[in-house]
Amino acid sequence: QAQLVESGGGLVQPGGSLRLSCTTSGFTLAYYAIAWFRQAPGKERERVLCITSSGSSTYYEESVKGRFTTSRDNTKNVIYLQMNSLKPEDTAVYYCAKEHYYYCSTSGSYDYWGQGTQVTVSS
């Protein structure tokens with residue numbers, strides 16, 4: 001059974017940084033793309049960015065370009081989301097999800113999700 005577990009969330013001041021981790025098990029991470037989502041209070045969940053099995057990134061949210069990056073360490077079965085210059089509007093629960101494919105599909109085909117980690121950006 002595939003599992004994804006997010007960690008690293010917390011409270012940070014505007015302009016600060018956080019690094020989230022998505023630790024995976026039960027499948028061979030190297031074969032699959034992983035996407036990051038977030039859901040703010042009262043809003044729908046939105047896809048933020050995705051990393052292919054080879055490490056290329058696709059951004060879906062313009063607002064995070066230049067501030068968020070994602071990387072992967074397949075030897076450790078971990079995906080990272082580095083978030084810099086955080087803004088209050090980045091406050092949300094962040095999720096990682098396993099793509100069904102090695103690439104980041106246009107419509108998204110996600111078969112396993114983590115439970116989410118809360119990120120709060122506030123002074």
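User: What makes a charge sit over a ring here?
Analyst: NZ of Lys or CZ of Arg has to be within 6 Å of the ring centre and within 35 degrees of the ring normal. Bear in mind that this is a predicted model, where local features need pLDDT of at least 70, side-chain atom pairs count only at pLDDT 80 or more, and totals for chains, interfaces and linings use all residues. Residues are numbered from 1 along each chain as its sequence is written, and side-chain values use heavy atoms, with hydrogens and water left out.
User: OK, which residue lies over the face of Tyr32?
Analyst: Lys98 does, at 3.7 Å from the ring centre.
User: And how many aromatic pairs are there?
Analyst: Rings of Phe, Tyr and Trp (its six-membered ring) pair if their centres lie within 6.5 Å; planes under 30 degrees apart are stacked, over 60 edge-to-face, the rest tilted. That rule gives 6 aromatic pairs. One of them is Phe27 with Tyr32: the centres are 5.8 Å apart and the planes at 75°, so this pair is edge-to-face.
User: Is Phe27 buried or exposed?
Analyst: Buried, at 16% relative accessible area; the cut-offs are under 20% for buried, over 50% for exposed and partly exposed in between, with a 1.4 Å probe and protein chains only. Tyr32 is partly exposed at 23%.
User: Switching over, what is the geometry of Phe37 and Tyr110?
Analyst: Edge-to-face, with 5.0 Å centre to centre and 90° between the planes. Both residues are buried, and Phe37, Tyr110 and Trp113 form one aromatic cluster.
User: Which charged end sits over Phe37?
Analyst: That of Arg45, 5.7 Å from the ring centre.
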